[in-house]
Amino acid sequence: MKYVCFMGKMALTAAVVLTLLPAAGMYGQSGLFQSQQPKGPWSNKSLSPDQRADLVIAQMTLDEKIQLLHGMGWQTIMAQPESGPATRAITTLGFIPGVPRLGIPDLQMSDCVEGISGAGTKGRYTTALPSAEAMAAAWDPVLSYEIGTMIGHEMRSLGFNMSLGSGINMIREPRNGRTFEYKGEDPLLAGTLAGQELKAEKALHLITDVKHFVANDQDVGRTTVNSVISKRALRESDLLAFQIALRESGAGAVMCSYNRINGTYACENPYTLTDVLKKDLGFKGFVISDWGATQSTVKAAMAGLDVEMPGNDSFGDPLKKAVESGDVPMERLNEMVHRILRTEIDSGIVDDPPQPESPDVMRGFEMAQKIEERGAVLLKNEHGQLPLHAAAIKSIAVIGGHADVGVMSGGGSSQVSPAGGNPVPPPPELLMNPLAAIWLTEVYQRSVPLKGIEDKARGAQVKFDPGTDPAAAAALARSSQVAIVFAVQHESEGIDLKNLSLPGNQDALIEAVAAANPHTIVVLETGGAVLMPWIDKVSAVVEAWYPGIRGSEAIANILFGDVNPSGKLALTFPKSEADIPHPVHNDPPKPDATHPMPKLPGFPGFVAMLMVNGPFFDAVYDEGLKVGYKWYDAENKTPLFPFGYGLSYTTYAYSGLQVQSGKGLEVSFKVRNTGKRAGEEIAQVYLTLPAAAQEPPKRLVGWSKVVLAAGEEKNVTVKVEPLFLSIYNEDKSAWEVVPGEYTVWAGGSSRDLPLSAPVKLEGK
Ligand code: BGC
């Protein structure tokens, strides 16, 4: 089996477990879309959200307060009651009943990392978007805002008023099974893009959420792992991504993660939740636990957790008792309630609840295609192999990756149900266990690359080979002018990749096809980085990520040149696993007499069997500040493809770097399109800090997406704010600018920086 996992070790999340169950209530029933208009003085919109929240709290009973601080209990949902609040839930995934008498709405939540996953399992259509890693590779804050707008409209049309995304964990472990859900390895890039996406969702009156807070950087063993990491590394990378995203978006919720951080669970960690998030970053929203990640009542509440999801084991009756006994003071309870109410009011879900509509399918298609066209990365293009000239091609072999029926998608809580069903039936042994099937099944979206290619090359003979037998595929490739191999790598939540190699026989397949045809193009559908032992033997490689419902059109447009690729990698592709910070994956240990399986209160009954992978263990992130490209730079390792890298069908030249320092930096330079066709260049700015700062060799401090006609030159200005020049001083618990000589770099990737200029900065 290709994953670090077997049944006893498998980490299904409760969210997916629960989506297997029939919906407790469905559309159009018992008031789901009934407008729950505010009643009372708190409905006065001229008051601030804080004032209005306090006016509501003054009216609330203790039971009503407690009710707002947890989801419907798992047991309650599983019992599928025929009456009561649970019948109003759109899905069993995430539901907190409101207080109708006070006009406080139900919270209806859905994940939305690659489209809205919450309603599809109940038969409602939602758009399957490309993965978050594809979104990140577009490096396009304007596009991210548009993505948020599209997601926001679709959420509202389905009746959801709270989104459970974006995921912005740093890629410290490239085998993490959720790299497809995240936005790469740089905090500025991930935080900025997530910030724009969530800002747009909030503008459409949704509560938004950023996750998983924090240092949840491997998914196997996520409930038992203890992430050991320095405060400085956290603040300058993992937490910085959240800091930026929250500042840009005003997101209403932060989801604390399953893991422990330096010995304390993320959902009961006073340092991360209260000292950093609430005090230092001034976060006014509420902290919500990942599903089943609440491990205590008093400890969690006092550390800063506000809402337990999805059940009531800690923040139901136990919280009520703790308040009655004084273990959790009434002031803290009121603060928890205040945070959730002020967020509901501030986001607009109270004054402007969602109304049902059919989702705007066309808007979704357009967005899915746009993301893929901007996020796909051209990794290799020898001798101008691409774009293909349709009129000149007589025969094309399309091979592998189920390209005759669909495109790969990511699994777990973010899995968007494939419209029309999964065209690739899972193997029968997987179906023996329906829970395993949901988690491990490779789900393909019905967007057919073969058809996209046929549509472009109408005069050519296009033949498909499934790639199961490399010799047969090679024979077809030999008799064709061009061979296009589709290679896939499935990722799913809770399950890390065993390694970074393409699974199954795909490396051998590519080798065989490349040996048979010198015009071999590889299209990768992967969640993150993969190794490419065959890279020197193929003529072109396109990284298409998980391409979404319009993947076929987008990939064909890139292959045939209707779209000039402009995406750049948001994460490093290593040459070998020996080069990554932790060459051997940190698997959870096997239980024995001294290290028994822990009993975690967050996971009742059978869910515990699925969520707890083994005894407690540590993941020591001793690479510290050296995340992603910073590691390769510091360790003098040459990656296969560096962070920020991506080719285009045109070329660019950089000149005229000027740097002005003031409050921050103003970096300007010129970019010229030196090729024959229009293109979009992602021009990047990096900074080397003085040696005294003890930083990795360089960090990304800004970028600009420059649209250039053939031959055109533009001036580019990138402003760098003081925070991105700073280091986090652990002793002073403060950011500071180290005095000394800095170097500013500009260019087309982290390893292609033709311009540099020194700049002296005073300490601050
Ligand atoms: C995942 C979260 C998700 C939640 C609800 C958990 O398993 O870790 O990312 O938001 O389920 O579906």
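Q: Which residues count as in contact with Asp507, leaving aside its neighbours within four places in sequence?
A: Ser501, Leu502, Leu531, Pro533 and Trp534 are in contact with Asp507, where contact means heavy atoms within 4.5 Å. The model is predicted: local features need pLDDT of at least 70, side-chain atom pairs count only at pLDDT 80 or more, and totals for chains, interfaces and linings use all residues. Residues are numbered from 1 along each chain as its sequence is written, and side-chain values use heavy atoms, with hydrogens and water left out.

Q: What makes Asp507 a residue without a salt bridge?
A: Asp507, in helix H18, is buried (under 20% relative accessible area, 1.4 Å probe, protein chains only). The nearest side chain of opposite charge, Lys537, is 10 Å away, whereas a salt bridge requires a side-chain nitrogen of Lys or Arg within 4 Å of a carboxyl oxygen of Asp or Glu. Asp507 therefore has none.

Q: Why are the buried residues of H17 said to line one face of the helix?
A: Ala473, Ala474, Leu476 and Ala477 are the buried residues of H17 (residues 470–478). Seen down the axis of H17, they fall within an arc of 160°, and therefore line one face. On the other side, Ala471 and Arg478 are exposed (over 50% relative accessible area).

Definitions and conventions:
Helix = DSSP H or I, 4+ residues; strand = E, 2+ residues; numbered from the N terminus. Arc of directions from axis to C-beta. Lys, Arg positive; Asp, Glu negative; His and termini not counted.
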